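User: I am new to this structure. Could we go through it together?
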Amino acid sequence: MTDAGILVVSEDACRELVGRKAAFDAVEAVFAAMARGDAYNFPVIREAIGYADALYGFKSGFDRAGLALGLKSGGYWPGNAAKGLTNHQSTVFLFDPDTGRLKALVGGNYLTAVRTAAASSVSIAHLARPDAKVLGMVGAGHQSAFQLRAAAEQRAFEKVVAWNFHPEMLPALGKVAAEIGLPFEAVERERLGAEADVIITITSAFEPLMRREWIRPGTHIACMGTDTKGKQEVDAALVADATVFTDEVAQSVTIGEAQHAVAQGLKAEADITPIGAVINGAHPGRTSAEEITLFDGTGVGLQDLAVASVAAELAKAAGRAQVVSL
């Protein structure tokens, strides 16, 4: 909060001011703070509201290192695309940790996309083989373009192979690949698994789309779509065989990709490592070129607070924030 009131940062301002590098740095730092015990998330509330087929909820937390306190409120409205709107809608509320007073209201739609892409990008930076050449994309919705652009900055990829349940959506993702100078090919899932060194799954699936037998040794997989009980993007056998890392273990085993393997007794909660431990140097991460690594990106409130805090500071400095009083 400024002396004059509360900062209001629009979607346009967030889009103009918060780039991929800023989002990467913010998310990497907050993952590290979580692993040190300097930041923690509060329990997630996520409910089907019984109207418009929508899911609505709250993610919140406190980062003592970054002094970010607040929440993201929003959810998923599947009918929005037909109205020309993004299906995911959210707003971030930031509070002054010294007083509890509301400090800023920040548009959360763009920031949710860029922080989700930053999380998988952080996992690629720390876990993928240095010589990874082929990027596999499972999913071609709104978020996939953010994922592709962020991933391409972490390794010297030479090609993108992609699959989507609705293949007519793939050309749009192909245009993104072309814009960053990467050849793009739509393929079946079995071939994607056989060719890709890094795979990003970014769907809303409730069934496994990638199977263990399709994945070759040394692959890094970032599962970014499973954030609700019942969702699933890869089969439990793949999670069982992989070395699994996550943003937050508690969410991974309850609403993340690991929920099914843990429920079936195929993976122990104790065998899932916060990626912040790798960032901090407390865990070696990948230990061989043949190891399959998997990042379970469940999406934590602290990611939203981290990038929203960056947006608020940049908007204030650039004179791009409105100031209001309650």
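Analyst: Let us begin with a term: buried means under 20% relative accessible area, exposed over 50%, and partly exposed in between, with a 1.4 Å probe and protein chains only. This is a predicted model, in which local features need pLDDT of at least 70 and side-chain atom pairs count only at pLDDT 80 or more, while totals for chains, interfaces and linings use all residues. Residues are numbered from 1 along each chain as its sequence is written, and side-chain values use heavy atoms, leaving out hydrogens and water.

User: Is Thr112 buried or exposed?
Analyst: Thr112 is buried, because its relative accessible area is 15%.

User: And which helix is Thr112 found in?
Analyst: Thr112 belongs to helix H3, residues 109-127. Helices here are DSSP runs of H or I with at least four residues, strands are runs of E with at least two, and both are numbered from the N terminus.

User: What does Thr112 touch?
Analyst: Leaving aside residues up to four places away in sequence, Thr112 touches Lys72, Ser90, Gln143 and Asp304. A contact means heavy atoms within 4.5 Å.

User: New topic: how many disulfides are there?
Analyst: The count is 0 disulfides, a disulfide being a pair of cysteine sulfur atoms within 2.5 Å. As for individual cysteines, Cys14 counts as buried at 1% relative accessibility, and Cys223 is buried at 0%.

User: What about the chain overall: how many helices and strands are there?
Analyst: The chain has 11 helices and 18 strands. Of its 326 residues, 52% count as buried.
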